[in-house]
Amino acid sequence: MTTEALGHSKAQPSAPATPNRSVRVVAGNATLWLSTAVLLTIALWSVAPSWFTDDDPYTGITTDRLQPPSAEHLLGTDQIGRDLLTRIVYGASASVTSAIIAVAIALLAGSLIGLLSGFIGSWVDPALSRVVDVLLAIPGFLLAIITVSALGFATVNVAIATGVSAVAVFARLMRSEVMRVKHLSFIESSYLIGGTKPYVLIRHILPNAYRSVFHLAVLQFGLAIIVISGLAFLGYGDPPPSSEWGLLVADGKEYMKRYPWLVFAPAGVIAVTVLSLYRISRIFGERA
Amino acid sequence: MTTPQPALLAVAGLHVFYGDHHVVKGVSFEVSAGSTVSLIGRSGSGKSTIANSILGLLDPHTSRVDGSVRFRGEEILRLRARELRRLRGTEIGFIPQDPGNALNPVRRIGAQFDEVLRQSQRSTRSERRDLILNVLERVGLPEPSRVIRLYPHELSGGMQQRVLIGMAILLNPGLLVADEPTSALDVTVQKTILDLLDDLRNDLGVGILLITHDLSLAAARSDAVVVLNDGAVQEYGSSAQVLSEPRSDYARRLYRDVPGLQLDKYREAKSARQQRNTANDGVPALRVQDLVKTFGRGRTNHVALDGVSFAVARGTTHALVGESGSGKSTAVRTILRLERQDSGKVFLDGDELSSHDHTSLREVRRNLQLVYQNPFTSLDPQYSIGSLIAEPLRLYGVGSAQQRKERTLELLHAVGLEERVAQAKPTTLSGGQRQRAAIARAVALQPEILVLDEPTSALDVSVQAQILDLLVSLQSDLGLTYLFVSHDLSVVRQFADTVTVLHQGAVVESGRVDEVFANPEQPHTQKLLSSVPWLSTAPA
């Protein structure tokens with residue numbers, strides 16, 4: 001049956017490209033390239049913000065306060081005359097670093113819990129799974145707020161809190177992937193040819209299980225940016241004059257009615273970044 | 001072929017293209033009412049595509065069809081979708097390969113039949129019910145009024161297939177298309193299903209188009225055969241004629257590859273093994289004594305092994321035969337210590353296995369390796385074939401890196417794979433190539449005993465013949481002892497020296513293959529053997 005099925009799939013080449021379909025393919029690729037370009041730009045912003053702007057993000061020119069977008073100030077200026085684009089570019093570093101820290105914590109801790117839970121089984125699995133259940137039972141954003149309140153208000157703590165709130169999701173996925181892989185016959189075969197448990201776990205189970213976890217990590221990166229911005233918006237991050245994106249939105253909301261770009265520009269950057277990440281994560285999803 | 005009436009189904013010059021891929025190349029044949037015609041070919045030969053074009057199931061967006069398929073003189077290829085649906089429902093019945101997937105798991109059998117009837121005719125509820133009960137009885141299901149209230153999972157595979165046959169004949173079609181209707185079933189069940197199809201053909205006068213990869217089955221059950229290779233007809237004629245004097249090279253090769261037609265293929269190798277074995281001392285390479293294994297506890301427990309004992313002499317091949325659920329797999333897993341037995345002992349060279357702890361077991365396992373049934377899941381897709389074959393050597397620290405590399409190439413050569421395969425990932429190889437690689441990996445540590453768990457059942461008949469050839473020559477070169485698990489009695493008869501027949505976890509019969517097969521003493525063995533489509537006539 002297996003060979004039969006394979007024979008069929010081989011015999012079916014890709015369908016002839018109808019106009020409709022090729023439009024979709026090109027459009028799909030265009031959004032992919034666009035997303036890649038967006039993420040590269042933001043990565044560069046966070047590494048070398050001074051390449052993109054000559055202005056100072058912290059000191060404003062009071063005479064230029066609350067300028068609308070113009071050639072000189074592409075996204076306008078804020079209430080004390082600082083260039084908004086400059087603020088956003090310099091804020092990228094805080095947002096991106098926090099998201100990386102958050103995802104790294106969630107990925108490492110979650111994978112480890114899931115790996116042990118799925119691989120060892122016996123009493124370890126129910127014990128760890130109950131911990132994960134408890135974490136899942138608390139809404140993620142609330143858990144993050146609780147954690148950051150305990151650790152103290154700072155962007156680094158926001159990142160840690162965001163990571164902790166996502167540990168359970170990774171643990172769940174890793175556990176189910178490990179359980180799926182560990183019953184495949186090549187795993188059993190590895191024991192028969194003399195593989196020890198740690199060996200089989202690292203050489204055979206992990207490489208076959210990590211792919212969908214990695215896909216989740218890219219997705220979670222987008223989610224982490226949203227959560228971190230949200231926490232910063234609520235004032236749990238570094239205080240002003242830091243220019244974390246969520247904080248920019250919070251600052252701008254005072255002037256929103258008359259100067260809407262102060263809210264929409266940073267919010268738009270957050271949205272575009274997250275959408276780009278989702279688009280990229282889809283490639284990993286297709287391959288997984 | 002019995003009556004000269006006009007053909008029920010006439011396929012003429014049929015071509016099918018998937019894109020640029022020419023899948024079916026000018027195929028012509030006829031099926032008349034009351035006869036069975038078999039389409040024979042290996043996977044990828046186009047046989048299922050032909051069936052799909054007869055049923056009008058090819059996707060017009062991805063495929064192009066040329067030629068003519070006439071059913072009762074009506075051109076099927078030109079029909080509109082609505083007319084095709086009518087034809088499929090009422091005139092042409094279809095019996096799928098895997099009954100487990102073909103029924104809706106969340107609806108009762110009766111409801112699924114009723115759905116078919118309601119779409120095609122106006123009748124009252126009780127009329128429909130009577131018709132359904134009649135059909136279920138006709139396909140040999142006991143207590144039809146109970147069966148209609150059951151869900152598919154409450155039926156065995158054989159009963160599910162009967163239900164599907166019932167559904168196919170519900171509206172009295174003229175033609176039945178059966179796509180490998182028995183390949184997912186046990187041999188004894190296989191026989192009853194094929195008998196049923198024969199009865200239906202004789203009683204109802206339907207024409208049957210039987211699609212199969214099994215030449216001996218086709219020969220025993222059909223009036224005419226069409227042998228396909230690579231989408232083209234190699235041979236077409238009455239089954240008696242095609243089998244007694246195959247004209248094409250392909251048919252002759254296929255003929256040579258079918259174990260049921262070449263029972264004495266390995267006779268010389270076997271007698272050589274016998275002679276070597278008698279020169280040996282008396283200690284069997286593997287001995288199993290009173291193995292008992294029960295799964296579950298209390299009322300829901302299941303006795304998988306019930307006092308199983310047998311012994312395998314050094315350098316010979318011992319077959320473990322039985323239907324699914326007979327305990328073959330559990331026996332193998334217990335011998336390999338992948339499962340722990342409740343009681344009983346396994347001796348390797350007189351050395352009792354369960355006396356070993358974790359560390360010394362690892363040393364013992366060097367001598368006991370396994371080749372899996374499905375080469376598509378037994379090799380880790382992440383690594384190259386070379387690395388997978390060298391893996392056991394690395395784990396047991398055999399030789400230097402350079403020596404291991406040389407040994408890997410040697411092993412590839414021994415199993416008939418080219419050196420460049422070492423760089424390939426398993427997913428890029430065919431089933432046969434993968435199984436060769438899996439064998440190379442299993443013999444890398446030079447084990448004494450190789451357990452072969454249905455090593456060819458996932459492979460085509462020609463590939464199966466090559467793998468069996470390879471195993472026979474490896475055995476004589478390396479002096480291996482084989483424990484060969486199989487449900488295919490023809491292969492067992494051809495390949496093994498001794499046999500143990502298992503039934504419901506217990507040994508039914510044990511002995512030399514030729515003796516057991518010639519004079520089965522137990523009723524169960526007799527039943528098993530009688531369900532194989534043996535062919536006594538061999539070609540000149």
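Okay, so the contact between the two chains: chain A puts in 23 residues and chain B puts in 33, where contact means C-beta atoms, placed from the backbone, within 7 Å of each other. This is a predicted model, where local features need pLDDT of at least 70, side-chain atom pairs count only at pLDDT 80 or more, and totals for chains, interfaces and linings use all residues. Residues are numbered from 1 along each chain as its sequence is written, while chains are lettered from A and ligands numbered from 1 in the order in which they are written.

On the chain A side, helix 1 (2-11), helix 7 (185-192) and helix 8 (197-233) each bring at least two residues. Helices here are DSSP runs of H or I, at least four residues, numbered from the N terminus. Which helix gives the most to that side? Helix 1 of chain A, with six residues. By class, that side of chain A has 10 nonpolar, 10 polar and three charged residues. For the classes, Ala, Val, Leu, Ile, Met, Phe, Trp, Tyr, Cys and Pro are nonpolar, Asp, Glu, Lys and Arg are charged, and the others, Gly among them, are polar.

Staying with helix 8 of chain A, its axis comes within 7 Å of the axis of helix 9 (residues 245-252) of chain A, and they cross at roughly 40°. Axes are lines fitted to C-alpha atoms over the stretch in contact, with angles from 0 to 180 degrees between N-to-C directions. That makes the pair oblique, since under 35 degrees is roughly parallel, over 145 roughly antiparallel, 65 to 115 roughly perpendicular, and the rest oblique. Among the residues making this contact are A:Ile228 and A:Phe233 of helix 8, and A:Trp245 and A:Leu247 of helix 9. By class, the contact has eight nonpolar, three polar and no charged residues.

Over to chain B, and B:Gly399. You'll find B:Gly399 in the loop between helix 15 (385-395) and helix 16 (401-414) of chain B. Leaving out residues up to four places away in sequence, B:Gly399 touches B:Leu393, B:Arg404 and B:Arg407.

Last, confidence. Chain B has a mean pLDDT of 86, with 96% of its residues at 70 or more; pLDDT is the predictor's confidence in each residue, from 0 to 100. For the complex, the predictor gives an ipTM of 0.75 and a pTM of 0.78.
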